[in-house]
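User: I am new to this structure and would like a short tour. Please take me through it by question and answer.

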Amino acid sequence: MELLELLKALILGFVEGMTEFAPVSSTGHMIIVDDMWLKTEEFLGMYSANTFKIVVQMGSILAVVVVMWKRLFSLVGLYKIESEQSSKQFNLLHVIVGMLPAVILGFAFKDFIDDHLFGVETVIYSLVAGSILMIFADKFGPKKPSVVSLDQITYAKAFKVGLVQCLSLWPGFSRSGATISGGVLFGMSHKTAADFTFIMAVPIMAGASLVSVMKNWEHINMDHISFYVVGFISAFVFALISIKFFLKLISRVKLMPFAIYRLVLAAVLAIIIFL
């Protein structure tokens, strides 16, 4: 890999790390930056370039593990957390129930998503659709959340949020945007919904990355490995910077500012692409 190409990996890692935890769609931003300016498909090939956009998110997911390791380790019995409620505690089954709908649909529509939804035009539409959901959640969600901690999440609520998360299979919709919106609509506080989103992201993105790499392994030249590594490290570093900031911010500003940003971005992109 040439230095200029590795710089492009660094830039995409920066975009991923800084946007993964905000409900603006990290994948959508990577598609926009890549398709309009970086053009990695020209030297990676379409399948390898799309796989990179999934695998690079593992850097951000590793940042989640570093920041939320106590809660994550408690799910598999490696750390003891005192429950805020004596009768129950957030556990691995909540995560499985929440991620199951997206996993099933993701496997079913993987080829369709790769072939038809990784483009700037489709991202424009998903930015707008995701904004509408976020605005709806802030406007019509319960004024006083009934779920203010992970330990208050029921299996039913986890499954309902998981159903809404399926919308994020559309690149540009935003996994965190869909899941936080769903959580808010089903009675969670913004902070609790965000915590649930990030915890579910770990197995979902790890699985998606593994499946994508296995499926497209024949298209990944060994010369591409350095590109993947640079993007992964870049995403990890910048995600560490952004994650704690976002968790504090979402409790104060809710979803509306992010929805407005998405609508403005969609409008700018529409002008550039369609006019």
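Predicted model: local features only at pLDDT ≥ 70, side-chain atom pairs only at ≥ 80, totals over all residues.

User: How many salt bridges does the structure hold?

Analyst: Side chains of opposite charge can pair when their charged atoms come close. A salt bridge here is a side-chain nitrogen of Lys or Arg within 4 Å of a carboxyl oxygen of Asp or Glu. The structure's count is six.

User: Which side chain meets R175 in a salt bridge, and at what N to O distance?

Analyst: R175 lies in helix 10 (residues 175-185), while its partner sits in the loop between helix 1 (3-19) and helix 2 (26-38). Helices are DSSP runs of H or I with at least four residues, numbered from the N terminus. The pair links distant parts of the chain, 155 residues apart. The partner is E20, and the N to O distance is 2.2 Å.

User: Are R175 and E20 buried or exposed?

Analyst: Buried means under 20% relative accessible area, exposed means over 50%, and partly exposed is in between (1.4 Å probe, protein chains only). R175 has a relative accessible area of 10%. E20 has 4%. Because both values fall under 20%, R175 is buried and E20 is buried.

User: With which side chains does S26 make a polar contact?

Analyst: S26 is in helix 2 and is buried, at 6% relative accessible area. A polar contact is a pair of N or O atoms within 3.5 Å; within protein, one must be able to donate a hydrogen and the other to accept it, and residues adjacent in sequence count only if both atoms are side-chain atoms. The S26 side chain has such a contact with the side chain of E16 at 3.0 Å. It has another at 2.7 Å, with the side chain of E20.

User: How many residues apart in sequence are the parts tied together by K215 and D111?

Analyst: The side chains of K215 and D111 meet in a salt bridge at 2.7 Å, N to O. K215 lies in helix 11 (residues 190-215) and D111 in helix 7, so the pair ties together parts separated in sequence by 104 residues.

User: Are K215 and D111 buried or partly exposed?

Analyst: K215 has a relative accessible area of 37%. D111 stands at 41%. K215 is therefore partly exposed, and D111 counts as partly exposed.

User: Which side chain of opposite charge is nearest to D138, and how far away?

Analyst: D138 is found in helix 8 (residues 120-140). D138 is buried yet has no salt bridge. A polar atom of the D138 side chain lies 2.9 Å from the backbone nitrogen of M256. For charge, Lys and Arg count as positive and Asp and Glu as negative, with His and the chain ends not counted; the nearest opposite side chain is K254, 7.1 Å away.

User: Which helix gives the most to the nonpolar patch?

Analyst: Patches are made of residues with over 30% relative accessible area and no salt bridge; like charges are joined within 9 Å, nonpolar side chains (Val, Leu, Ile, Met, Phe, Trp, Tyr) within 5 Å. This surface patch covers about 960 Å², with Y125, M256 and F274 among its residues. F274 is partly exposed, at 41%. Eight residues of the patch come from helix 13 (residues 256-274).

User: What separates the C-alpha atoms of G187 and G141?

Analyst: G187 is in the loop between helix 10 and helix 11. G187 is buried, with a relative accessible area of 3%. G141 is 46 residues away along the chain, yet the C-alpha separation is 6.9 Å.

User: What is the phi of S174?

Analyst: S174 lies in the loop between helix 9 (155-165) and helix 10. S174 is buried, at 4% relative accessible area. Although S174 is not a glycine, its phi is positive, at about 90°.

Notes
Residues numbered from 1 in each chain as written. Heavy atoms only, no water. Helix = DSSP H or I, 4+ residues; strand = E, 2+ residues; numbered from the N terminus. Areas by Shrake-Rupley, 256 points an atom, 1.4 Å probe, with all protein chains shown as cover.
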